[in-house]
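Subject: Structure for you to look through

Dear colleague,

I am handing over the structure below, and I would be glad if you could read the notes that follow with it open beside you.

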Amino acid sequence: MAEADEVKVQSDENDEAAPATKHQKAFAARRKFLRQALAVTSSVALAEFLPTVLLKAASPGQAQCPPVTDLKEVTRIGEITRNGNNLQAVLRVVDGERTVPTSIKTSVKQRLRYYVGHNPADLSQSWPPKDQPAPAPPGPTAPGPTLRCSIGDNVQITFLNQVNVANFPDSLANGEYGKAEGCDELRVPGNKNFYPATDKFPNCLHASSAANIHFHGTHVTPSTTGDNVLVNIWPSTTVLEKDVQQAFQQTFEECETRHIPQRWEDLPLSWRMYQERLIKEYDSTAPYVGPGATPNGRGLPEYLRLWPQDVEAIAHGAWPPYYVGSYPYCFKIPKYEEEPHHPAPTPSGSAVLPLEKAHRGLKMGQAPGTHWYHSHKHGSTAINMFNGLSGAFIIEDNSLTGYDGALKAFYAKSGGNLDQVVLVFQQIVDDPNLLRPVPQKRPLLVNGQFTPYVKMQPGQVQLWRMVNATVSAPIAIQFNLCPTTSGLANTPPQFKQIAQDGVQYAFANYNKPENGTKPINMAPANRADILVQAPTQPGLYVVGTPAAPLLFIQVEGPRMSMGFPRSEAEFPPMPRFLNDIPESDIRLQRRIVYGWDKNRTVAGRNADGSSPQFTIDREQFSDGVVNQVMLLDTAEEWTIYNETTIAHPFHIHVNPFQIVEVFDPNNMQVPLRIVSDAMAMEAAVKKYGNTKKVVVGPPIWYDNFAIPIAKT
Ligand SMILES: [Cu+2]
């Protein structure tokens, strides 16, 4: 054991030989960086509600845009689309050396895990493209394939984790050294416990070569083969598509024609036996040199073994947490069925509505829109994301009154075709800074590229579906002139936001004067759909500012005459399940408190090196514990308090929510209450007096909202 430790220390020294004082400086710099980043984040969510004057005006300054010849056209990410009513995909996590751009002219090579995918029913749909084999030579980094289906479809995904763990030392075996109870361990000169510091299993970075998939924004079951983030799929380079094809086909058919698996026994016996063999093999061969290690350093002690934990779960009728190599994801994207009689809202009465009232007519549906997927293994979600394990997941409703159908109909009428551009923003880096004595730069990339350009024709309107798939970068979407172009034209590209987090805007919000004049602020995990119209003057324009560009727009070619929807009749109507939630439907009020370890005042590490311990209602995540229980088909109002100085997003898997009140103690005197209409406004003013500022919304649906930080 001592020997192994010695080897690790030496290799750490070789990698990053830096004196302790330098580490201290690095920490300080990182804290400063985090403070700045977070100060920006805290204003993100609020931008939606703040008057224009409070937002910094875009100032192009003196910076120049680069010549377009130095830029690359944005990569159109390959799509895997539905086949009949089924979205079938094989998604694999693999690894290889990837080219990560760090500026328009420079790049670094990093060993990363990434998604490759194909449509088993149509091999022409594969990403990266078939003629550019992925791993060697170093391919460009890129998000996973875009998945596109429709509401009502069956999603059937063969997930394979084929990461070669030999390329990622210490990323697999939990507690290989028997000291940190499963957390990754990092020693640096002068600090034998650089990581996990004060982190404790399972709330620490660990097992980053394990993976799974979270389908963010889908209104489907979070259990079994649905949007289940509590499964951990360990990597295996020997498990191939053909090894599971038959078993998964059986599972997918069951899912489609009968129901989603409920219990372990619902899965095909052949695959269950295959899993048992692979997991046991892992348990008996995984490297382990801690207390009680075998002489050859192979094989886990009983308490770290995976199969006994699966057996335990199965014995209790629960879903087993550990797998090796493969996993079948299958679920149905629900199609909302109108109920014949939606009851009128009941007048506000007691705090708890009688159940029969609460149940009637309240049913959530799947919002058609721009959603996304990413690996979400607890303990390495950040590492999964920094590697680039994310992609767009678009769910369409092409019925005449559906989001997509109505938009397409509007543009078809004006003789145009609405081109769609999917933009996935990522920060790519091979390790988070908690595992790095010296912080690394995290280049902000668009579809894997550094400030690429989108080509548009003069006057053309495109639909941009944007996903902020970064770990920590707030992104402001604004359109500006490049100084080179501004001599010729004075109108930057125009835009209108039409959806937030994959949920369409109500026409009243679309039609607000600030829509298209204020920047759109996207916190990590936010999505925004916008209609963008190119100016009539050809040339280069910038998204962001010339000094801090995110991407560019190159306008060239024949002029097009397109426009934005102007009237309610031209805009997609809201599905009924996205109607405002009236106060009278609120069955229960809840308060949730975001906090962290006592006496902490800064994000990042404390001076003593301890890492922040984040809590919700004073508790850290605990596997198997259900913290909030809601009744199906009822509505509640939750108030989220933030006692930290990090504007951590609030997010519920499965459901979007309406933001009805915001209070930023650092920038506001009183909370801002958002109500549906003038009538509700009158009632609210009466109720709150001048304790709240009341504005007419309607409230916007989000599925991810950065909670303003505590008063500093
Ligand atoms: Cu999510």
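A disulfide here is a pair of cysteine sulfur atoms within 2.5 Å. With bonded cysteines counted along the chain, the disulfides of the protein chain follow the pattern 1-6, 2-3, 4-5, and a search of the whole structure finds 3 disulfides.

Please keep in mind that this is a predicted model, in which local features need pLDDT of at least 70 and side-chain atom pairs count only at pLDDT 80 or more, whereas totals for chains, interfaces and linings use all residues. Residues are numbered from 1 along each chain as its sequence is written, and side-chain values use heavy atoms, with hydrogens and water left out.

As for the chain in general, it holds 11 helices and 37 strands, where helices (H or I, at least four residues) and strands (E, at least two) are DSSP runs numbered from the N terminus. Of its 712 residues, 55% are buried, a word that stands for under 20% relative accessible area with a 1.4 Å probe, protein chains only. If we take contacts (heavy atoms within 4.5 Å) between residues at least 6 apart in sequence, 76% of them join residues at least 24 apart.

The disulfides can be taken one by one.

Cys 65 and Cys 482 form a disulfide with their sulfur atoms 2.0 Å apart, and it is left-handed because the torsion about the S-S bond is about -90°. This pair links distant parts of the chain, 417 residues apart, with Cys 65 in the loop between α2 (20-47) and β1 (79-81) and Cys 482 in the loop between β21 (479-481) and α9 (483-486). Cys 65 counts as buried at 8% relative accessibility, and Cys 482 is buried at 0%.

Cys 183 and Cys 204 form another disulfide, their sulfur atoms 2.1 Å apart, and since the torsion about the S-S bond is about -95°, this disulfide is left-handed. Here the cysteines are 21 residues apart, Cys 183 lying in the loop between β7 (154-161) and β8 (186-188), and Cys 204 in the loop between β9 (191-195) and β10 (214-216). Cys 183 and Cys 204 are both buried.

Cys 255 and Cys 330, with sulfur atoms 2.0 Å apart, also form a disulfide, and their link, with 65° about the S-S bond, is right-handed. Cys 255 lies in helix α3 (residues 241-257) and Cys 330 in strand β13 (residues 326-332), so the pair ties together parts that are 75 residues apart in sequence. Both of these cysteines, Cys 255 and Cys 330, are buried.

Definitions and conventions:
Buried < 20%, exposed > 50% of the residue type's maximum accessible area, 1.4 Å probe, protein only.
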